[in-house]
Amino acid sequence: MKYELKQQFQIESARFLPHLSKDHPCSRIHGHSFVIILTFQGPLKQPEAWVIDYHEISSKMQPLLSQLDHRTLNDVPGLNNPTSENLCRWIFEKATPLWPGFLTRVTIKETPLTECSYPCA
Ligand SMILES: [Zn+2]
């Protein structure tokens, strides 16, 4: 029997979207408090009776998050066009090797009202 686990992080980052017309607000540099939600699936590990230790998730994510937090995302290698879609994929590709077979999805909320996930369920 598999379980699903989610853990959220928040980063403060600046960005601009370079392929938009100059009159689009996202073409200008601006900031977001991005919420990052990692979703994991897996069986219970015994004797702990958990899938993955939340503390382990936090500590393994710190080096990745420090590349993004309080930075201009456009300056991060691989994120020259830092849409939420590209940010989801960037995090998914970097974080997947940390938990092989367990990380199933990365979700980004750039505002409380928007949400983007990769890959789709
Ligand atoms: Zn934006």
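Reader: Which atoms coordinate the zinc ion?

Author: This is a predicted model, where local features need pLDDT of at least 70, side-chain atom pairs count only at pLDDT 80 or more, and totals for chains, interfaces and linings use all residues. Numbering starts from 1 along each chain as its sequence is written, and side-chain values use heavy atoms, with hydrogens and water left out. A donor is an N, O or S atom within 2.8 Å of the metal (3.2 Å for Na, K and Ca), and water is not among the atoms, so a site may look incomplete. At 2.0 to 2.5 Å, the zinc ion is coordinated by Arg-15 (NH2), His-30 (NE2) and His-32 (NE2).

Reader: How many residues apart in sequence are the parts tied together by Arg-15 and His-32?

Author: The zinc donors are spaced as R-x14-H-x1-H along the chain. Arg-15 lies in strand E1 (residues 2-15) and His-32 in strand E2 (residues 30-43), so the pair ties together parts whose separation in sequence is 17 residues. Strands (E, at least two residues) and helices (H or I, at least four) are DSSP runs numbered from the N terminus.

Reader: Is Arg-15 buried or exposed?

Author: Buried is under 20% relative accessible area, exposed is over 50%, and partly exposed is in between (1.4 Å probe, protein chains only). His-32, at 14% relative accessibility, falls in the buried class. Arg-15 has 1% relative accessibility and therefore counts as buried.

Reader: Which residues is Ile-91 in contact with, leaving aside neighbours within four places in sequence?

Author: Counting heavy atoms within 4.5 Å as contact, its partners are Ile-36, Leu-38, Met-61, Leu-64, Leu-68, Val-106 and Ile-108.

Reader: What is omega for the cis bond between Tyr-118 and Pro-119?

Author: Most peptide bonds are trans. The bond from Gln-46 to Pro-47 is cis, with omega near 10 degrees, and Pro-47 is in the loop between E2 and H1. Pro-119 is in the segment after strand E4 (116-118). For its cis bond with Tyr-118, omega is about -15 degrees.

Reader: What is phi of His-70?

Author: His-70 sits in the loop between H1 and H2. Its relative accessible area is 63%, so His-70 is exposed. Phi of His-70 is positive although the residue is not glycine, with a value near 55 degrees.
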